[in-house]
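Morning, everyone. I will go through one structure today, starting with a single residue and then moving to the salt bridges.

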Amino acid sequence: MEQKIKQAGIDIGGNIRRIRLDAGIGQTELVRMLQLHGIDMTRETLVKIERGIQHITGSQLRGIRDCLDTTYDDLLR
């Protein structure tokens, strides 16, 4: 089982949403990009992560970082 990253004190989901919207990428498009990178995620999972009601795994965070062409610093601040 992969380690999950808690969003306590860090708005990872909000940062993902902000960066995604700034890039002009919709949720469905990001999920498709992640799936092409071998990250198994549904749109519903992305919605929960962005709302902060579901923890994110390390591989999901890495995939989102790569798909959004951003850094861990931007995602974890």
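This is a predicted model: local features need pLDDT of at least 70, side-chain atom pairs count only at pLDDT 80 or more; totals for chains, interfaces and linings use all residues.

Residues are numbered from 1 along each chain as its sequence is written, and side-chain values use heavy atoms, with hydrogens and water left out.

Arg43 sits in helix α3, residues 43-51. Helices are DSSP runs of H or I with at least four residues, strands are runs of E with at least two, and both are numbered from the N terminus. Leaving out residues up to four places away in sequence, Arg43 touches Gln27, Thr28 and Val31, where contact means heavy atoms within 4.5 Å.

Which residues of α3 are buried? They are Thr45, Leu46, Val47, Ile49 and Glu50. These pack against α1, α2, β2 and α4. Just after α3, Gly52 takes a positive phi of about 80°.

Now the salt bridges, of which the structure holds four. The term means a side-chain nitrogen of Lys or Arg within 4 Å of a carboxyl oxygen of Asp or Glu. Glu50 forms one with Arg20, with the closest N and O atoms 2.7 Å apart. That pair links distant parts of the chain, helix α3 and helix α1, 30 residues apart. Both Glu50 and Arg20 are buried. Arg17 joins Arg20 and Glu50 in a network of salt bridges.

Definitions and conventions: Buried means under 20% relative accessible area, exposed over 50%, partly exposed in between (1.4 Å probe, protein chains only).
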